[in-house]
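Student: Could you go through this structure with me, starting with the ligand and then the charged pairs?

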Amino acid sequence: MKTPLELYIHIPFCIRKCDYCDFLSFSSTREQQKTYMKALKREIRASGTFPEHHVTTVFFGGGTPSVPEAERLAEVLELLKDRFQFNQDAEITLEANPGTLSEEKLRVYREAGFNRLSLGCQSVHSEELKQLGRIHTYEEFLESFSMARKLGFSNINVDLMSGLPGQTLKSYEVSLHTIAKLEPEHISAYSLIVEPGTPFAERNLDLPDEETERRMYDRTGEILGEYGYTQYEISNYAKPGRECRHNIGYWKRTNYLGFGPGAASLLGSRRFTNTTDMKKYFADSGCPEMVREDVEVLSVQDCMEEFMFLGLRMNEGISEKQFEELFGQSIDEVYGEVLKKYLALDLLWRSNGRIGLTREGISISNVILSDFLFG
Ligand code: SF4
């Protein structure tokens, strides 16, 4: 019986850096993009073929994977299909940003086999987009969305953000209604985190207060619910059957293999992350072991922590039976005290052999999840 495997491909290019972004991405020339694609293909070719696995999902993320020529991505996807055994219905996602798409590019993606598109919109208000340093307006997003639909993308995610500088509850609600009316199959709604080292961290930002942020979170579920979306993870909402299989695999600790600088992998109990040093990546990508850093073999305790920490992010929570099957101990033997504490506070629910965060629990999920760490 073959084991599922997810693939992640990092494309570290953006037209311009957004002011809040700390992802590994930068602007580039066509020549640099070509050189990068060659290095990426070297890494893929040298990484083995994993005959005991079948690929269930592929995610091209970044950066902005829609920045390089579409043909280059098509070549990478073809190489992956050559090297790995793909499930017939594999979910193949491309992250893209408005302002970088054209009909021609979308046609190439479709023909290559991409069947899911994830579009970064963030807000429908151009002044909020400008504050974020995004390269596009809402009208450009709309154009990209319609083009994608016209060219046959029937599985689209739209990213939205809350907690933005100058954003009000009202303006966020308008963003939610406007995007939901377009009926994408999936909406990711994240709240802004001001990361150290970004231009945002240097500014005196006019951010919504804590109470408004809380209301924004609550209104996300309420408004998207009115349009037929169900929340299935802390920040993710989908129409029935359109949950992102790639992300669910990640939260359920399915094996995944990442290619490109900064890409992370989990193979059994082995976890590693590729170097973020581009020079090193270009020099050594043909020998994957040399670009892999932070290689660790996870202990049983590490695996238990991850099982809880990631699994509790999902609305369906975690399965007590699965915990016992994986680790040979009941969940109460290991986490009895923590469970008792949060169940009594109504921050966790327990029913039909599953345990999950309540609505109240989600709002302080960071505190609760960190209580499942042993260290
Ligand atoms: S488009 Fe995305 S990856 Fe690129 S700079 Fe903006 S937030 Fe970062």
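This is a predicted model: local features need pLDDT of at least 70, side-chain atom pairs count only at pLDDT 80 or more; totals for chains, interfaces and linings use all residues.

Student: Which residues are around the ligand?

Tutor: Among them are Cys14, Arg16, Lys17, Tyr20, Phe23, Asn97 and Arg134, where a residue counts if one of its heavy atoms lies within 4 Å of the ligand. The shell divides into 5 nonpolar, 4 polar and 3 charged residues.

Student: OK, new topic: how many salt bridges are there?

Tutor: The count comes to 26, taking a salt bridge as a side-chain nitrogen of Lys or Arg within 4 Å of a carboxyl oxygen of Asp or Glu. One of them joins Lys280 and Asp284, at 2.9 Å from N to O.

Student: Where do Lys280 and Asp284 lie?

Tutor: Both are in helix α10 (residues 278-284), 4 residues apart, which is about one turn of the helix.

Student: And is Asp284 buried or exposed?

Tutor: Asp284 is buried, with a relative accessible area of 17%, whereas Lys280 is partly exposed at 27%. Buried means under 20% relative accessible area, exposed over 50%, and partly exposed in between, using a 1.4 Å probe and protein chains only.

Student: Which residues are linked in a network?

Tutor: Salt bridges link Lys41, Glu69, Arg72 and Glu75 in a network.

Note on methods: Residues are numbered from 1 along each chain as its sequence is written. Side-chain values use heavy atoms; hydrogens and water are left out. Ala, Val, Leu, Ile, Met, Phe, Trp, Tyr, Cys and Pro count as nonpolar, Asp, Glu, Lys and Arg as charged, and the others, Gly among them, as polar. Helices (H or I, at least four residues) and strands (E, at least two) are DSSP runs, numbered from the N terminus.
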